[in-house]
Amino acid sequence: MKKRFSALFLALALCLGLAVPAFAADENASPEITCQGPENSGIIYESQATDAGVIGFARSGSNNAHITYGTLEDWGSGVLRLVPKGVDIVVTGVQSAEDVELSAFSPIDIKGVTRLFCRLFAWEDGKDVSLVPLDTDDPMGFEYDDPQDGKNHVAGHVTAADAGFQANEDGDVVLNSERLYALLGEGNVLRIVVGNTFGFYQLSGEPKLISDVFTDVPVGNWVTDPVVWAVQNNITNGTEKDKFSPAQNCTNAQILTFIWRAYGEPEPTVENPFTNVIPDGYAKAAVWASEKGMVSGTTFDVDKPCTRAMAMTYLWQAAGSPETEPTGKFTDVDASDPYAQAVAWAVANGITKGATDTTFAPESICQRGQIAVFLYNAVAKN
């Protein structure tokens, strides 16, 4: 999917006559664009599909300074990632804000069809960049004369540095929310290009919070970000329409299904070995788990409570069962225990710290909130 949209965005850049900048960062660095809100803010990051056509600029006049909108360009299908207020866009893998190119678009309804109008940036030497006003009632009637006086400048794209953003001490370019909204305004679309990495982001206004979805998952809680991640990635829909039930014990079927979904719902390649009837929604996960060696036998215990030892073992096996020397950290985990390597791997990878500094509590039953945290640490953070 990512390759498809990268090609799509490159085609868009070319059809609008927008230059793709040379990438000045370390050759070994891989540029990445992510949306980041405050920790445990509960903000759900959403995307929406769009097939809006793009209307770009045309220049005319004796000095090529008269700017109007030109013809419709075909964008094809694409995805807009929504960026609510309070969320920054962070570009990593660059050396300078000069490496990050920004373009802006306004989605406008034209006879019942949404079109993306490419916006002009304008600035005077030594002053802030801003967007040239657009008549949303008659966008096709837009006309602008480029002063071309060496002091005032207009362009269809600017660098992040031009727009007032700079790389931080980590080398990341943070497009902070307050400045983004001041520069573009709510509803407008930002195109970010860095090297061969492309992304389209719409400033969507007030955020949707996980507490709006699940009344029992508060903002600012230890389980907030993991549950947000699980919802965004279709790992769980909760136990009821508006309940996640973080304190409810997690079953064997639930944890294996969560893991299966987190790994992309791979299609099992073996026959179902289980003779008992497995409820819909769990069946493929159970067969996949059997194929991976995570469960065995001909009966799948759907409702068996999931212990901490089981959870770490399942996650370790899903990760390929990497060899890990038992830590000896926990007094209740012996090196000969079948889950000793899994526990050591989980601790080494920040998935769990144990029940206390010296105990792991392998037979303790896991709650759904704990499983969400373990899975978030194992998959999203590693």
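This is a predicted model: local features need pLDDT of at least 70, side-chain atom pairs count only at pLDDT 80 or more; totals for chains, interfaces and linings use all residues.
**Exercise 1. Pairing of β1 and β6**

How many bridges join β1 to β6, and which way do the two strands run? Which residue in β6 is the bridge partner of Thr 34?

*Solution.* 
Step 1. Count the bridges between β1 and strand β6 (residues 88-92): there are five.
Step 2. Take the direction: the two strands run antiparallel.
Step 3. Locate the partner. Thr 34 bridges to Val 90 in β6.

**Exercise 2. Helix α4 against helix α9**

Classify the crossing of α4 and α9 by angle and by hand. Then describe the contact by residue class.

*Solution.* 
Step 1. Take the geometry. The axes of α4 (residues 224-232) and α9 (residues 368-380) come within 8 Å and cross at roughly 70°.
Step 2. Apply the cut-off. Angles of 65 to 115 degrees count as roughly perpendicular, so α4 is roughly perpendicular to α9.
Step 3. Assign the hand: α4 passes α9 in a left-handed crossing.
Step 4. List the contacts. From α4 come Asp 225, Pro 226, Val 227 and Trp 229. They meet Ala 372, Val 373, Leu 375, Tyr 376, Val 379 and Ala 380 in α9.
Step 5. Sort by class: nine residues are nonpolar, none is polar and one is charged.

Key. Residues are numbered from 1 along each chain as its sequence is written. Side-chain values use heavy atoms; hydrogens and water are left out. Axes are lines fitted to C-alpha atoms, for helices over the stretch in contact, and angles run from 0 to 180 degrees between N-to-C directions. Helices (H or I, at least four residues) and strands (E, at least two) are DSSP runs, numbered from the N terminus. Angles under 35 degrees count as roughly parallel, over 145 as roughly antiparallel, 65 to 115 as roughly perpendicular and the rest as oblique. A crossing is left-handed if the near helix is turned anticlockwise from the far one by less than a right angle, and right-handed if clockwise. Contact means heavy atoms within 4.5 Å. Ala, Val, Leu, Ile, Met, Phe, Trp, Tyr, Cys and Pro count as nonpolar, Asp, Glu, Lys and Arg as charged, and the others, Gly among them, as polar. Two strands pair if DSSP finds at least two bridges between them.
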